Each structure stands twice: as structure tokens, then as C-alpha cells.
Amino acid sequence: MARPSSASVLQLLDLLQGGDPVPAGELVEKLAVSRPVLSRLVAEAGDQVRRVGKARATAYVATALVRPNMWPLYRMGPDANMEELGTLHALRGDGFLFEPTGDRPNLTRAVDGPPGYFPGLPWFLDDVRPQGFLGRSLAHRLGRALGVPEDLKSWQSRDNLLGILHGGTSVGDLLLGQAAIDRALLEVDAPADRVDIDSRHDVYAIRAKEALDGEEVGSSPGGEQPKFTATVVTTTGRYAALVKFALPSLNPLGARWADLLVCEHLALSTLREAGFPASRTQLLRSDEHVFLEVERFDRTAEVLGRRGFASLLAMDAAFIGEGSRDWGLAGEQLVDERLITQDTAENMARLHWFGRLIGNTDMHLGNIGFHLIDSGQLSLCPAYDMLPMYMAPSAQTGNIRALAPVSINAPSRAGQAPFIAWAAELAGPFWRRVEESEVSPEIKAVAQQNTDVVSRYAQRFGS
């Protein structure tokens, strides 16, 4: 039987032009056709229409008119070999559709609609988009060539997509499109940020200057503090690192940041020595610089393979939407979503209270993350960016804040005593280590006071 002349591919595309998934039943009704006729229309539309969902939940979406509008998504594994994960399709509007190869429930988990459909950039790519100090530099240098604004703050969803296709931050193990894949393989075979371990002081000084001059120095992890990446070559192999730096000899501002790099090293060392997963760090000093070399947990030694990463910021935005700065509360919410285990949530609470007791006022949702995997619950990544940020210069004015003992508000929720007690057992020794380290006399004095602050707080709330 011939199809009614009123039912055409153009009419189908007109019904899908908004970009949102439209249920098959709704299309059948509006086109006044049977389901088999709808299937033939979809087939005739070719790659202009994609199917989402299954059985009675089947819906259809229209792909973006601009080409290319689909890209392969790969993972570089810990062994540096590539695994094909599926295809990402850009849709009309701002949406995307991820069609996996095989069963990958974490990557197709519904945010707002059927599995695999995302109303914006897929959450698992959020941490790959250019951001922070080096992201701004990348936008300024390459914006014109990419056809996007040179000011990163003006980037929209499609601009972020172009940045990711260019290689993005290179955080984690996901690679979208041929260019990003080729760039990642080149970084494994011949890393541009290679440095011999015995040459670090000289090379790092040059790279610090290049970073401040806006030159490209390695890839671009997020964050605001000046930094660059390094692939350190030792006598036994290679390891990937993120290098933060300060210039204490330049001015009092640089001196304060140098002291904070020392504090970050001590905080992460304190956690790690207590058996809590935390990033490995090394402090390097020169006449002009203090460098904090942070070994990357999303890279493997020697082969420079990769491990998955998803920040709490990306997961909260996709599945919770609350934006709570209480990591313990966010952990409980992720448990309710069956994304993490109760043990992981409790570790998030412990880390949250350690941060509060050492005066980390910058515990935003991007400063804690998880190892991203295709299926199953996610485990917590090693701690990073953990330091007494209440001592940092003002982000608005650049003024150096007057030092004072850390101020810790009472718990806002019940049930926090065990986490406070655990954190105090580490925060006290941390402040004693700061007092004994190579920092300014002013910070030494405050560290001594903070040891008492932590002890009193633990007595009041940790028992």
C-alpha cells in the first residue's frame, strides 16, 4: 500500500527541528501514519535522524545541519592502547546523542530524557573542555584559528566542543574525534613537555616564564593557579606531572603563594602517610621559584596510559543539581543515585572535614573527583588541591590577607562527629609540620595557633 503523500521526510524533520527527542507514538499521530511507515521515513532520512530508547520508549532526534556532526569517542587505557566507545552525534539545538558500542550504562545514563541523550554537552566530557588558567591561555592563542571567541568566558556549548575536539584539557582517558586521538598518541610517543629529571630546575624556570607569557606549555588542566604539565624522564622510566609554581623573590604576593605550595605538599603528604589516597608531590626550589610537582593520577607511569576522571562538579550538575559545597552531603546524594558506595561517601566526608580543619576555603565541586568507568559505581580519586586557601591573596583585589587563626563554623548537620575526629587526628600534625617547615615566620606563628584551634574543635564536636 502506498504511503500517503502528506507523510514525507521533510515533515518528519520539521517535527524534530527543536532538537529534543520526540516519542515514536507522537510522530505517528502527528504524521497520521503507521509505525512501519514511520520506520521507512526514518530509514529514508538516513543520518539526519537517529533513534533513541527502545520498545515503547522509542523516540527520534534530528542531527545538526552543520557538518561534521558526529565523531568517534575513544578511551586510551592504562596500557596506552585505544578502545572504541561509540559515536557522539551533535543534534539540532544544543543537544547530543551518544551511541555506544556495547553496554556502557554510565556513559548513557539519562540526565533529562532517554538513555544516551544529553540536552547539552555530555557530562562525562565536561572536565575535558578548556578551563582555568591554561584554558584561558588556549582560547586566547587558538580562538581565531578555531573560529571561537578568544575570551574563554564567552564560549558557548559548540565552542567547548571545538576545544575538546582540539584535545581539550587532556584530563582523564576520553578522546573525541580524530585530531584529539592523534594528539594523544603523539603525546605518548614524543611528549612535547618532556624533561629529564636532573634538568627540572632549569627547564621548569623556562616553562614558568612561557606559561605566564601565554605560550602553550603542555596540555591545559583546569584551575586558576599558574601551572604547566611535564613528562619527567628518570633512569627507570617516565611519569606525568602537573607543576604549579610561585615566584617568592618577585613580591610579597609571590612569597605567600610559595608558602601555600609548601602547605599543599604537606597536606597531601599527611593524608597519604595516613593511608588516605592523595596525590604524590615533590617540592623543588630555585633562586627565583618554588615548584610543586604533582604526579598525575589520571596517567600511568612509563607507558603514559590514561585513567578515567569525572569531577564532582560534572556529576552534581548532571545528576543532583544542588551545587552543595559540603562534600559529605554530596556523597550521600550520589549514594542515593547509586553512583558511589557508602564507603566512598564516608571518605568524601572525611576529606571535607580535613579541608575545613586546615582552612581550605576553596573546596568547590571541581576539587574532588572520581575514576570514571563504563559501568558500576565510581571510586574516589586521590585527593588534590588541598591547602589552607583562607591564607591566599584575595582573588578579587590581589591583596594579601592578614593572617589569623583558622575559623571553623559548627557542623551544619548531625552525624559528623566520627569524621571530625578522624580529620582532627591528621589536621593537628599537619599544622605542626607547617610550623616546622620553610615558610614565613608569620605562617609559622599562625600554624602553632591552629594546632590548638583544631584540638579544641575536636573536643567540642568530635566525640
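**Reading the structural terms of a predicted model**

D385 lies in the loop between β16 (379-380) and α13 (417-435). The model is predicted: local features need pLDDT of at least 70 and side-chain atom pairs count only at pLDDT 80 or more, while totals for chains, interfaces and linings use all residues. Residues are numbered from 1 along each chain as its sequence is written, and side-chain values use heavy atoms, leaving out hydrogens and water.

Q: Why is D385 called partly exposed?
A: The relative accessible area of D385 is 23%. Buried means under 20%, exposed means over 50%, and partly exposed lies in between (1.4 Å probe, protein chains only). D385 is therefore partly exposed.

Q: Why does A32 count as exposed?
A: A32 reaches 58% relative accessibility and so counts as exposed. A32 sits in the loop between α2 (24-31) and α3 (35-45). Although A32 is not a glycine, its phi is positive, about 60°.

Q: Why is T229 called buried?
A: With a relative accessible area of 1%, T229 is buried. T229 belongs to strand β10 (residues 227-233); strands are DSSP runs of E with at least two residues, helices are runs of H or I with at least four, and both are numbered from the N terminus.

Q: What makes the link between the side chains of T229 and D193 a polar contact?
A: The two side chains are joined at 2.8 Å. A polar contact is a pair of N or O atoms within 3.5 Å; within protein, one must be able to donate a hydrogen and the other to accept it, and residues adjacent in sequence count only if both atoms are side-chain atoms. The pair T229 and D193 is accordingly listed as a polar contact.

Q: How do you know that the peptide bond from R67 to P68 is cis?
A: Omega is near 0° for this bond. P68 is placed in the loop between β3 (59-62) and β4 (70-76). Most peptide bonds are trans.

Q: Why does the radius of gyration of the chain agree with that of a compact globule?
A: The radius, taken over C-alpha atoms, is compared with a rule of 2.2 Å times the number of residues to the power 0.38. For 463 residues a compact globule would be near 23 Å, and the chain has 25 Å, which agrees.
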